[in-house]
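Here is a briefing on one structure.

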Amino acid sequence: IKQTEFVAHPIKGPVPNSKPDPPIEKFLEQLSTNGRRTEGSKLKTIIPSQPPTEKSEAYLVLNEVALDRGPSSNLCNLEMYIDRRHVTTVQGDGLIISTPTGSTAYAVAAGGAMVHPSVPSILITPVCPHSLSFRPIVVPAGVELKIEVPVDARASAWASFDGRSRQEIKPGDSVIVRSSIYPVPCVCHTDQINDWFDSLVECLQWNVRQRQLPLRTPKKKHPPPAS
């Protein structure tokens, strides 16, 4: 019987162990040594089945998991847990849970912070919260988040995953979010820092403004008279 060894592939998961061709292996090694290869994080989202005997649904997202009130005109009520500890009750239009890569997408439009993709973290951004003190927060990438719709909620919440696969989260149901163990390999044009700041300026016009003029215009230096 032939045994096949499996290795963890960053995108496909367990795949048969095979060495890449020498040119590809050399190219990947060059990318790693000159800093042009980087890895972005993903989020794994699980919707536990009701009843528990059925199969749970799971999604991998690159940008964000968004929970909102959907067609309901009522506030979206959500209970947020971090590592099984109740943290707060969300009341507003919804909640965005994003990766650092997704921090410049939907989350930044809701007032969230922009985080460099190489920073291991999870961003939690409320959407129109019914409290002025509920500000966006950043938590370590190793925590597990549980967002639950309370049983006494007036309406269901709706979840979307990178803007797709929209699902209804009924009262009593929950969504579990954690960092995926499979990162996304990326290739930089120059390096991690320059590429990120260049994209902020080019795509979002980050801090692009006319420079403030000095109070006094500097006097022009006249050339000395010819002798």
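Two strands pair if DSSP finds at least two bridges between them. Helices (H or I, at least four residues) and strands (E, at least two) are DSSP runs, numbered from the N terminus. The model is predicted: local features need pLDDT of at least 70, side-chain atom pairs count only at pLDDT 80 or more, and totals for chains, interfaces and linings use all residues. Residues are numbered from 1 along each chain as its sequence is written, and side-chain values use heavy atoms, with hydrogens and water left out.

- Six strands make an open sheet in the order 11-10-9-6-13-14, and the pairing is antiparallel.
- Strand 11 (137–140) and strand 14 (164–169) are the edges, each pairing on one side only.
- From one strand to the next, the twist averages 20 degrees. Axes here are lines fitted to C-alpha atoms (for helices over the stretch in contact), and angles run from 0 to 180 degrees between N-to-C directions.
- Strand 13 (residues 157–161) runs antiparallel to strand 14, and four bridges join them.
- F161 stands opposite R164 in strand 14.

- A six-strand open sheet has the order 5-4-15-12-7-8, with antiparallel pairing.
- Its edge strands are strand 5 (57–61) and strand 8 (85–92), and each pairs on one side only.
- Neighbouring strands of this sheet are turned by 20 degrees against each other on average, direction ignored.
- Strand 4 (residues 43–47) is joined to strand 15 (residues 174–179) by four bridges, and the two run antiparallel.
- Strand 12 (residues 145–148) is also antiparallel to strand 15, again with four bridges.
- I176 in strand 15 stands opposite I46 and opposite K146.
- R178 in strand 15 is the bridge partner of K44.
- In general, strands of a sheet pair through backbone hydrogen bonds, either parallel or antiparallel.

**Helix 3**

- Helix 3 has 13 residues and spans 18 Å from first C-alpha to last, close to the 18 Å expected at 1.5 Å a residue. The expected span is 1.5 Å times one less than the number of residues.
- D191 caps its N-terminal end: a side-chain oxygen lies 3.1 Å from the backbone nitrogen of I193.
- Just after helix 3, Q205 has a positive phi of about 55 degrees.

**Largest pocket**

- On a 1 Å grid over the protein atoms alone, a pocket is an open set of points with protein on both sides within 12 Å along at least five of seven lines; a cavity is a set where a 1.4 Å probe fits but cannot get out; lining residues have an atom within 4 Å of a point.
- Grid points are joined across faces, edges and corners, and a volume is the space filled by probe spheres set on the points.
- The largest pocket holds about 420 Å³ of space.
- It has 21 lining residues, and T101, P117, D195, W196 and S199 are the closest to its centre.
- Strand 3 (37–40), strand 16 (184–187) and helix 3 (192–204) are the elements giving two or more residues to this lining.
- Helix 3 gives the most, with seven residues.
- The lining has eleven nonpolar, eight polar and two charged residues. Ala, Val, Leu, Ile, Met, Phe, Trp, Tyr, Cys and Pro count as nonpolar, Asp, Glu, Lys and Arg as charged, and the others, Gly among them, as polar.

**Cavity**

- The whole structure has one cavity of 30 Å³ or more.
- The largest cavity has a volume of about 50 Å³.
- Residues lining the largest cavity include R69, N74, C76, R154 and A157.
- By class, this lining has five nonpolar, four polar and two charged residues.

Methods. A polar contact is a pair of N or O atoms within 3.5 Å; within protein, one must be able to donate a hydrogen and the other to accept it, and residues adjacent in sequence count only if both atoms are side-chain atoms.
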